[in-house]
Amino acid sequence: MFLFLLIAMVVVVAAVTLAVVGGGDSAVLPEASPEQFVDPLPVTRPVGRADVEALRLPVGARGYRMADVDDVLSRLGAELAERDARIAELESALAGAQATAVSSPDLFKKPGEESER
């Protein structure tokens with residue numbers, strides 16, 4: 001009886017091993033090609049909210065690929081820094097224009113008229 005159980009166990013282990021290894025030349029599962037990241041962010045225009053919402057990063061064996069995520073985050077960081085610089089430039093120009101308008105003489109006064117004080 002013991003010999004029968006031992007032989008049965010060896011046959012089961014061999015069958016499982018062959019099933020896992022693939023059983024020879026024929027592959028049980030086809031090779032899956034790894035996902036390649038294609039940067040969907042626009043190059044010719046600034047990145048918008050819809051672009052970020054549509055962004056899907058490929059998943060690797062243990063989560064997202066760090067290189068792909070780093071590329072996207074550095075691109076978004078550069079876009080945000082560029083927008084912040086442009087906003088600061090426009091706010092500075094607006095503040096300068098407002099300061100000039102406040103300190104300038106009356107724009108509605110006709111030439112030659114005296115100011116009323």
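1. A reader new to this structure may start with D51, which counts as buried because its relative accessibility is 14%, where buried means under 20% relative accessible area, exposed over 50%, and partly exposed in between, with a 1.4 Å probe and protein chains only. D51 is found in helix α2, residues 49-54, and helices here are DSSP runs of H or I with at least four residues, while strands are runs of E with at least two, numbered from the N terminus.

2. The model is predicted, so that local features need pLDDT of at least 70 and side-chain atom pairs count only at pLDDT 80 or more, whereas totals for chains, interfaces and linings use all residues. Residues are numbered from 1 along each chain as its sequence is written, and side-chain values use heavy atoms, with hydrogens and water left out.

3. Returning to the surroundings of D51, this residue touches L41, P42, R45 and P46 when residues up to four places away in sequence are not counted, a contact being heavy atoms within 4.5 Å. A polar atom of the D51 side chain also lies 2.9 Å from the backbone nitrogen of G48. With R45, D51 forms a salt bridge in which the closest N and O atoms are 2.9 Å apart; the term stands for a side-chain nitrogen of Lys or Arg within 4 Å of a carboxyl oxygen of Asp or Glu. R45 itself is partly exposed, with a relative accessible area of 42%.

4. Side chains of opposite charge can pair when their charged atoms come close. R49 and E53, both in helix α2 and four residues apart, about one turn of the helix, are joined with their closest N and O atoms 2.8 Å apart; R49 counts as exposed at 68% relative accessibility, whereas E53 is partly exposed at 47%. In helix α3, E89 and R86 are three residues apart, again about one turn, and their side chains meet in a salt bridge of 3.0 Å, N to O.

5. As to the overall layout, the protein chain has three helices and two strands, and its elements run α-α-β-β-α from the N terminus on. Buried residues make up 10% of its 117 residues.

6. Helix α1, residues 2-21, reaches 29 Å from its first C-alpha to its last, close to the 28 Å expected at 1.5 Å a residue, the expected span being 1.5 Å times one less than the number of residues. This helix is hardly covered, since the count of buried residues among its 20 residues is zero. One of its residues is F2, which counts as exposed at 66% relative accessibility.

7. Helix α3 has 38 residues and reaches 55 Å from its first C-alpha to its last, close to the 56 Å expected. The residues D68, V72, R75, L76 and E79 are buried in α3, and what covers the buried residues of this helix includes α2. E79, with 14% relative accessibility, touches R45, P46 and V47, not counting residues up to four places away in sequence.

8. Finally, V38 has its place in the loop between α1 and α2 and is exposed, with a relative accessible area of 66%. The C-alpha atoms of V38 and D68, which are 30 residues apart along the chain, are separated by 9.2 Å.

Note on methods: Polar contact = N/O pair within 3.5 Å; in protein donor to acceptor, adjacent residues only side chain to side chain.
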